Amino acid sequence: MLNLRQPPRCRSQPIAQALSDFLYEEVNKMKLDVRGEICPYPMLKAVEAMKRLPEGEILEVITDHAPALETIPTQAHRLGFKAEIRQTGNPEWVIVLTREEASE
């Protein structure tokens with residue numbers, strides 16, 4: 001009988017470590033889906049999410065509104081984030097926002 005209260009042990013440590021690394025990467029991403037929304041709402045929601053984003057996490061904003069490709073990166077830069085835009089459909093983009101490292 002399978003005991004559902006305790007997770008099964010993994011006999012292969014490298015596999016367990018690889019799975020742990022994969023899950024860690026996914027945990028450190030916050031996704032904000034603003035498809036179907038028009039300005040200023042995608043930018044306002046992205047700014048609010050950036051303000052609440054824990055240190056070390058990445059924010060991915062999914063949008064189908066082309067003007068957001070200008071407004072969100074502009075606000076992100078003001079808040080200390082860098083933005084990378086990836087086209088994922090026609091028209092659909094993912095704006096990846098990460099905190100800029102402090103220069104010493």
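The expected span of a helix is 1.5 Å times one less than its number of residues. Helix α2 (residues 41-52) has 12 residues and should therefore span 16 Å; its end C-alpha atoms lie 17 Å apart, which agrees. Helices (H or I, at least four residues) and strands (E, at least two) are DSSP runs, numbered from the N terminus.

The structure is a predicted model, in which local features need pLDDT of at least 70 and side-chain atom pairs count only at pLDDT 80 or more, while totals for chains, interfaces and linings use all residues. Residues are numbered from 1 along each chain as its sequence is written, and side-chain values use heavy atoms, with hydrogens and water left out.

The chain contains 3 helices and 4 strands, and from the N terminus on, the order of these elements is α-β-α-β-α-β-β. Of the 104 residues in the chain, 28% are buried (buried means under 20% relative accessible area, exposed over 50%, partly exposed in between, with a 1.4 Å probe and protein chains only). The accessible surface of the chain is about 7900 Å², and carbon and sulfur atoms account for 53% of that area; accessible areas come from the Shrake-Rupley method with a 1.4 Å probe, and for residues only the protein chains shown count as cover. Contact means heavy atoms within 4.5 Å. Among contacts between residues at least 6 apart in sequence, 62% join residues at least 24 apart.

Confidence is given by pLDDT, the predictor's confidence in each residue, from 0 to 100. The chain averages 82, and 71% of the residues score at least 70. The lowest confidence is in helix α1 (residues 13-27), with a mean of 49, and the highest is in α3, at 98. The pLDDT is below 50 over residues 1-12, a stretch with 2 contacts in the model beyond near neighbours in sequence. It is also below 50 over residues 18-25, where the corresponding number of contacts is 0. Where pLDDT is low, the predicted coordinates should not be read in detail.

In α2, the buried residues are Pro42, Met43, Ala46, Val47, Ala49 and Met50. They cover an arc of only 165 degrees around the axis, so they are on the same side of α2; the arc is that of the directions from the helix axis to the C-beta atoms. Lys51 and Arg52 are exposed on the other side of α2. The packing partners of the buried residues of α2 are β1 (29-33), β2, α3 (68-78), β3 (81-89) and β4 (92-99).

A nonpolar core is a set of buried Ala, Val, Leu, Ile, Met, Phe, Trp, Tyr and Cys residues joined through side-chain atoms within 4.5 Å. The largest one has 18 residues, and Leu32, Met50, Leu59, Val61, Ile72 and Leu97 have the most contacts inside it. At least two residues of this core come from each of α2, β2, α3 and β4, and α2 gives the most, with 5 residues. Not counting residues up to four places away in sequence, Leu32 touches Lys45, Ala46, Ala49, Leu59, Glu60, Val61 and Ile62.

Glu60 lies in strand β2 (residues 58-63). Its relative accessible area is 9%, so Glu60 is buried. Beyond residues up to four places away in sequence, Glu60 touches Lys29, Met30, Lys31, Leu32, Val94, Ile95 and Val96.

Cis peptide bonds occur in two loops. One joins Cys39 and Pro40, with omega about 10 degrees, and Pro40 is in the loop between β1 and α2. Another joins Asn90 and Pro91, with omega about -10 degrees; Pro91 is in the loop between β3 and β4.
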